[in-house]
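This report covers chain contacts, domains, helix packing and strand pairing. Please read it alongside the coordinates.

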Amino acid sequence: MTTLTLENLNLRYNGGADHAVREFSLHVNSSEFITLLGPSGCGKTSTLKMIAGLIAPDNGDILFDDRSITHLPPEKRRAAMVFQNHLLFPYLTVRQNVAFGLKMKRVAAAEIQRRVNNMLDDVQISDLADSKPHQISGGQRQRAALARALVTEPQLLLLDEPLSSLDAHLRDEMRNLIINLQRQSGTTTVMVTHDQHEALHISDRIALMFDGRLGQFDRPTALFERPSDIATAKFFGCQNFLECRISGQRMLCQFGELHLSANSTAGIGAASEYKGTATFRAESLIVNPSQTSVNLCKAELLNVEVAGSYRKCQVKITRCNDNPVSAGEQEPTDDNSIIYLHCHARDINAYAVGDQIDLCIPPESIWIIPG
Amino acid sequence: MHTLREGRLKTDMTTSVHRTQSSRQTPAPVLLAFALMIIWLVLPLVPIVVWSFAKRWFFPDLVPGEWSLQAWQYLFSPVSGLGKAISASLAIAIPVTLLSCCIGIPAGRALACYNFRGKRAVQLLVLAPVLVPGIAVITGLHGIMLNLELNNQLAGVIVAHLIPALPYMILVMASTFARFDTEFEAQARTLGANTFQVFTRVTLPAILPGIVIGALFTFLVSWSQYILTLIVGGGRVVTLPLLLFNFVSAGRNDVAGALGVIFILPGLIILIAVARFISGRSGIAELPSRL
Amino acid sequence: MLNVQLCQLRLNKLNPLQALILFFSITLLTPTTVTAASENEFADDSWDEIVAAAKGGEVNWFMWGGSDDINRYVSDFVGGLLKKRYDITLNRVGINDTVEAVNLVLGEKEAGNTDSGSVDLIWINGENFRSMKQGDMAFCGYLDAMPNNALIDWENDSIANDFGVPVDGCEVPWSKAQFAFAYDEKRTDTPPTTIAALIDWVTKNPGRFTYPAPPDFSGSVFVRHVFYHAAGGVKNLLVDFDQALFDEVAAKTWQILNDMKPALWRAGRTYPQSITQLDQMFANSEVDITFSYDPSSVGLKIENGSYPATTKGFVMTDGTIGNTSYTLIPFNSPNKAAAIVLQNLLTSDEAQYQKALPEVWGTMPAIDLSRISDEYKDKFNTLERHPSVVSEAELAEVALPELQSSWITAIEEGWKENVAR
Amino acid sequence: MPRLGRLRARKIRFQRLTPWLLLLPALIVIVPLFAGGLAAGLLRSFNYMPVIGLDSPNLAAYSALLRDDEFLPSLLLTTYIALTSTVIASLLALGAVLMIRRLNAGRSLINFLLQLNLTIPHLVGAVGIVYLFSQSGSFARLALHAGFINEPQQFPALIYDPAAIGIILVYVWKELPFIALILLASLQQGGEEFEAVARTLGASRWQVLRFVTLPNLLPALLASSMIVLAFTFGAYEIPALLGAYYPAPLPVLAYRKFTDVDLASRPEAIAISMIIAVLSLIFVLLYAHITRRQIEN
């Protein structure tokens, strides 16, 4: 199918004073499903609209299959867009809505009928074909909107928060439908969302956006496990960040020395000694580890918060790998020795706030972000 | 803006980007239409203002033969009855507005917040006086008002003006209440506010912009009313429109022009006042969206 | 009450018995007897009593309000004197058309309002007077109590009859008017001075003449001039309506007017709605001749800038129609005494002179100048008219009487049917 | 119901009454004045008024109207004025709105002027139009100075003409902003996004206009046109000032007959009023029908 390339897109507003999108470059492979993910106001919808041709970039280029289409009006780009709130034309029936794009292209009536019927079957709303949009449910409307976009056999499918207006249970159903239809048709797809779980579930790759710039662009697991910067890590819910010095397979931080795995430093070049930020997810810590584990630490339990079957705890590390905290170069400050851990209720129930607990920071869970 | 232009120019040359989409430059035909529209909207007001200062302005002179204040001098002399006409206009428009508020606010609420049998009929009944011309109603009503001895005096004219004015208020208030979440009132109740407090502290602040728009429009409807005043007032109640009509039909362009200027002023003031009051919103333009 | 008066007028033609029966049947059977008493409530009063009754009151005077000069005269001069001398407040009510005031009284009468009407005085004549009089809506029979009644020459037909309707003490003359034409010296060298010449002039200057469509007052008068011309003079027409005579003259009149049509403004497809419109068209060179029932208005209009300064009034040597306008007190006026005081003031030499001043209004007095004080006689004699206004002598020389309203109505109807469409 | 406590039943009954209580003052005003006025007019037009002794209704007033040779031309003229004004104002307003949407600057200026116009009485607009468009008005003067004409009569007759162009101009001037503001308000409610989605579905600019923008605007356009149609059909002062002497539009004819000294004309005047009322009530129903469909959507 089609590949999409964005080259140094810039979009300014307020008479050029502010950037909505800056120096944004991206390459999407054929049939790939990528997601533009970021907090609201990061410029992701603007980027999507530039791809659709609804907004013109101030400079930069957009290429479909390595051909610049920046000069083309939206209707010539064959990039169908599904909006957040379905936007079915209220005065047309579901069938007429789905047929809209084909009618615009002056496809023969019989052909329209055939393709629309197939499409309505695919999204399972054939029986509602002659209803008006206001007569059907929210989920059905979104299906119709999706059908309306896909029936035109676009080069590119653009989805702007397609699930956010739906209830939780409908969202899963709709997500699976989108995945199936996308796989089936092989349409290169760009989705915009602010919901990381949605993005992680659905995408081949995720492009993170912060403040109009492209952040990390990678597979979902990579974003989750190997964030390229602190912002990305934080966006995916990482809470533990330790400034440290790294030397070979070991890192030195305020409460002592920790062992690293080979993977931990994969994001960094071959330098032998440097500064970085160690990050590990709260749920990767092990409470009451076997005494043979590496990176055994002693910590004081500061706070326990019940979250269903597991507990969110705040602990203050006192020593690690039998190195007392004072073994570090400086006195540890509170904020750099307090970390968060998530564990199963049974592991922590025996302890009360103020008790000392044992925990382990597995070397393979540590990821070093340079700088 | 300057740097933006340059930047764009550079890209145009390097990557031959053509900006066909929603570009920030308005195309020439649109600009032309824009200019024509502005001219068309303003144009009829120009000769009115000029005439009010003109004397001996005959065909084919493009500017008046003489500039003169005679129209203004006449109008501001006690003879002209301008003061009386303005006070009559106000003495009608203000009570009409206040009455419309008192009657229209509850009615608007009933139409917006309740479902009841016959609602559709009531809506039609409220809408009808907006659409049915005044002359159609007043010729029949005239006889009734005669018997009630309401003709030829302010009270009767006020009553007559309520016919076209009140429905506007009700329609605006209905739309205002439709946007108002009555849950707020329930919330205030649970916090210990009594009915009166709920109204003054919760409901009133929320619907105030609607009231202001409705009231100002009601005022303008009454202010501009001609035929109802003429027939019910029977010549005894001389409002500004009647005075203007007098001089227009007497061919005194200068006096008519000056009266026209005076006639426009409240609308202008109201427009500016509303724009201030409802900050960020589009002022009187709200009205149509609420009908 | 009209009945009563008519009876009284004709009593001498009936034998005494008939007269007695008629009189009693009327006085007993018609409700006018009720008002008959009240209508004369001032007849026997002394002037001082009337003035005393009027003191501190107010008068609502309904009159056409489209002239700032007239408004100023009435409100400032008359209103000022009335307040100062009699402590009466004059409330001038400007209306578009006198018929509005007539309707007002009519409506009140319909509603049974006999003593608290809203109109105390109307500037009136012609058709409207006929309506008021025939509808028993005029207050009559008090003139003898009014000192300035002595200045009015009731022997004069043009005063005693308002468009052929006997005044019968139901209204007081206020102003005299005579039809006059106007042209612009800059545009026209010599205007036509007979109706025949005018007709000829119109055909030779296509598009430069028109007249307001009757029943516009002035347009209707113009048509009557043509009617007089077609009749070969007014003499035969000054009788009660005669259908045969009318048909004969009317046919000629319509012929003339229809022949004129293609040469009229907009080829006679339409006519101006009002004299105002004609005036404005004249001022803006759309047409070259205008006219007015108020010859002095030429001067006022030049001064207030409505007419070009080069405008000149002129008359037809074969005559122009003149009339008198009056003030009338409606039967249900609650302020009759004050209204009478006002009427008396209006007919004073002082007020009539002020009114005749060219810069005030310039209109002709309705009182007999031979009966006024020597002081005002001198003043009137040395009065200078506006240079563009036709002189009074010239007007007087060519004055023609008005027809009875029945003729006028017939002419207006006939014009509508035969010329307009 | 029987299970409900008496108090509760009373409360429910009271709640059912609430909207009517709230509406009561309004109904007290509207029903006697508006409906009562129309009803009284209707009776009077049938010469039925037992109070003053007329107790056998008849169609005399209406048949007199049909015999009056000004009535039919007047009805036609009124209809022509109303339809022409409404259609022109609607189309221009539509064009204006489409134009305004494409503006990047100047929107607030045009918005201000539209609103200003909304507040200006028709009477003033009429005066302005006369000054501009009469045969000796500003445009005629400009035409003369530009050498297009030599005298006023060569300028097209727009005012005081049976074609009623002057009246139509005033209505277009006054109603265009009214319709335009209603359309702009209706566009604010999400119209632009529909157009965006249509374009990504392959609709060209014209197709968007034809298949999205216009259908979106249509209900608001029709509803506002109904208001304008009813108004232009029944307004008095503009035709009274700018009309030709014959035929007079219905409202002027009605007023003339209503104020005729001959009281016999009054039922005729009221009969004309009733005809105006019936026609405008039809507009009301059309309006209601249109807006109802809009609400359903």
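## Domains of chain D

In chain D, the C-alpha centres of domain 1 and domain 2 are 36 Å apart. The model is a predicted one. Domain 1 of chain D covers 1-45. Domain 2 of chain D covers 60-296.

Contact between these two domains involves five residues of domain 1 of chain D and seven residues of domain 2 of chain D. On the domain 1 side, two of the residues are nonpolar, two are polar and one is charged.

## How the chains touch

Five pairs of chains touch, and the pair with the most contacts is B and D. Chain D brings 79 residues to this contact, and chain B brings 75 residues.

Chains A and C share no contact. Their closest C-alpha atoms are 49 Å apart.

Helix α3 of chain B (residues 45-52) packs against helix α5 of chain D (residues 122-133). The angle is about 85°, and the axes lie 7 Å apart. The two helices, α3(B) and α5(D), are therefore roughly perpendicular.

Which residues of α3(B) and α5(D) make the contact? From α3(B) come L45(B), P47(B), I48(B) and W51(B). From α5(D) come V124(D), V127(D), G128(D), Y131(D) and L132(D). By class, the contact of α3(B) with α5(D) counts eight nonpolar residues and one polar residue, with no charged residues.

## Chain C: overall make-up and domains

Chain C contains 18 helices and 12 strands. Of its 421 residues, 52% are buried. Among contacts in chain C with a separation of 6 or more, 81% join residues 24 or more positions apart.

Across the boundary, 15 residues of domain 1 of chain C are in contact with 12 residues of domain 2 of chain C. On the domain 1 side, the elements giving two or more residues are α7 (126-134) and α8 (157-160) of chain C. Helix α7(C) gives the most, with three residues. That side of domain 1 of chain C divides into four nonpolar, seven polar and four charged residues.

## An open sheet in chain C

Chain C has an open sheet of three strands in the order β8-β7-β9, with antiparallel pairing. Strands β8 (289-292) and β9 (311-314) of chain C are at the edges. Each has a single partner strand, so one side of each lacks a neighbour in the sheet. Neighbouring strands of this sheet are turned by 30° against each other on average, direction ignored.

Strand β7 of chain C, residues 180-184, pairs with β9(C) over four bridges, in the antiparallel sense. Within this pairing, the bridge partner of Y183(C) in β9(C) is K312(C).

## Strand pairing in chain A

Strand β16 of chain A (residues 296-307) pairs with strand β17 of chain A (residues 310-320). The sense is antiparallel, over 10 bridges. These strands, β16(A) and β17(A), form a hairpin with two residues between them. In the turn, G308(A) has a positive phi of about 65°.

Strand β17(A) has another antiparallel partner in strand β19 of chain A (residues 338-344), joined by seven bridges. In β19(A), H344(A) is the bridge partner of Y310(A).

Technical notes: Residues are numbered from 1 along each chain as its sequence is written. Chains are lettered from A and ligands numbered from 1 in the order in which they are written. This is a predicted model: local features need pLDDT of at least 70, side-chain atom pairs count only at pLDDT 80 or more; totals for chains, interfaces and linings use all residues. Domain bounds come from an automatic or database domain assignment. Ala, Val, Leu, Ile, Met, Phe, Trp, Tyr, Cys and Pro count as nonpolar, Asp, Glu, Lys and Arg as charged, and the others, Gly among them, as polar. Two strands pair if DSSP finds at least two bridges between them. A residue is buried if 20 or more other C-beta atoms lie within 10 Å of its own, exposed if 12 or fewer, and partly exposed in between; C-beta atoms are placed from the backbone. Axes are lines fitted to C-alpha atoms, for helices over the stretch in contact, and angles run from 0 to 180 degrees between N-to-C directions. Angles under 35 degrees count as roughly parallel, over 145 as roughly antiparallel, 65 to 115 as roughly perpendicular and the rest as oblique.
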